[in-house]
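Here is a friendly briefing on a protein model. Take a look at it first, and then we will go through a few of its features.

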Amino acid sequence: MNFMQRALKSVTRKKGRSIILFLVIFVLGNVIAGSVAIEQSTKNVEKETKRQMGAVATVDMDYERLDKDQQKDPDKFMDNEDIYKSPTAKEYEAIGKLPYVKYFDYSILGYMGTKKFKMYTPEDNSVSYGGSLDNYLNLKGVNRKEVVDMEEGLIKLEEGETFSDKDISEGSANILVSKEVAEVNNLSVGDQVVLDVSEEADQMLSADEENATEEESEENGGPELLTFDFPVKVIGIFSVIRKDDSAQKNPEEMGYSEADWMATEQINTIYAPNQTVKQINDQMMEKRLQASGMTAEEYGYDDEDYYNATFVLNSPDDIEAFREEADALISQEYYHVVAASDQYDEVAGGMKKLGTISKYVVIIAVVATIMIITLVVLLFLRDRKHELGIYLSLGEGRGKIIGQIVIELLVISAFALVLSLVSGKFLGGMVSDSLLQTDWLSNASDMGGMSYGMNNLMNTDISYQDIQDAYQINFSAGYILSYLGLGLATVLGSAILPLLYILRLNPKKIMM
């Protein structure tokens, strides 16, 4: 009878010993399986959530670092406006040439009020801006003829065309408007329209001057307006692709949501070449300077172009490599790369804690399993000392005896690990469900989108509840392979010390 047959016979004949070893591995295997299931599920949630967020990045000021340094050394920031200057167009173009970038754009942003040109207002009138002006619209410049918001599915061109290379280079007065804005202004593709760009004159005054001006404004029927006409041509009409978030709301929360507000902001956005937006901003600044009686320097106007950049990467997996190389190209000390997926780290505090806990439990369970199985197997081998001595005295090689013990251990552990694979999955589900409901594991704050002024592609409405809802423990290939591989490695690791015991056996002493 060869050593493999002896191993199988030993497992079936010594039922008590086999059952004890089976139960030890099964119980410890459940702990490992449950922890591995939780760890794999948290990784899957993070990976899938970040994939849904998209491989989009921008450059923004690191306000947290700025605030800390400002508290440490206030003199460094005193009258030092250069600290707050954004990266230049050349720096954005250098970043855009990195191999991780699929395409990119940088925009000059603007904001204008109007009296005649109408904005879109929702039927329930949920959006109110106040002030003496009736309408407020966003201006977004583009530096490439393919509009990034269109390519990334935020808006869809319904009629007309987008910008040409000539429009971009020369800053032609061509614009894209939403179909809602086009409808309220009775506009069609090809129409010429005059934007009556306006702003309240007292908007930039100090608090004391503003209070005095408010009293004068009430007497004169309202504040003085700074206004000028800017003729443009509508070359395209787009529709906004809305995200349906009704499934995430409770019945009592079915009012005007943040997603609705963001959609309204997008509808009231006018796209134009960067140079065109700059012309509008510069003309309004001239009006402000004339009204204030100050020079540009006294007013604090530096005539610098400030851009909002969008970098669409080839894959979400490229984000960290892109961040490292792009940050090195930014000369401004307090600006850094911000990715849409960064919001996951801010929101998913509880999920990350759960993943960390599961890692520690796996490590502790593996160490405990190795120690316990090692002791159990050693005890069994001591009881079988005479059996092993007989094999050695009959000329059986130590390698074959070791092989017999390993096969016995693997046969018993295989059954225990497969069963604990199933039960451990349910155990992990129950434990994680309980932990996710506790206050200390939940995250206090949800990020309902990044601050206004950043690129629309960076705005997501992810919440901790969304991440919790996406968390599921399933029999995935990753879970099965990870657990069985770890389980078998643990069992084999626990056999090292017992096998050394076999190597030290002396058949003459045993048989005396």
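A nonpolar surface patch of about 610 Å² is formed by Tyr-360, Ile-363, Ile-364, Val-367, Met-371 and Ile-372. Patch residues have over 30% relative accessible area and no salt bridge, and nonpolar side chains (Val, Leu, Ile, Met, Phe, Trp, Tyr) are joined within 5 Å. A salt bridge is a side-chain nitrogen of Lys or Arg within 4 Å of a carboxyl oxygen of Asp or Glu, and accessible areas come from the Shrake-Rupley method with a 1.4 Å probe.

This is a predicted model, where local features need pLDDT of at least 70, side-chain atom pairs count only at pLDDT 80 or more, and totals for chains, interfaces and linings use all residues. Residues are numbered from 1 along each chain as its sequence is written, and side-chain values use heavy atoms, with hydrogens and water left out.

- Val-367 belongs to helix α15 (residues 349-383); helices are DSSP runs (H or I, at least four residues), numbered from the N terminus.

**Around Leu-417**
- Beyond its neighbours within four places in sequence, Leu-417 is in contact (heavy atoms within 4.5 Å) with Ile-25, Tyr-483, Leu-484, Gly-487 and Leu-488.
- Leu-417 and Tyr-483 are 66 residues apart along the chain, yet their C-alpha atoms are separated by 8.5 Å.

Conventions. Patches are made of residues with over 30% relative accessible area and no salt bridge: like charges are joined within 9 Å, nonpolar side chains (Val, Leu, Ile, Met, Phe, Trp, Tyr) within 5 Å. Helices (H or I, at least four residues) and strands (E, at least two) are DSSP runs, numbered from the N terminus.
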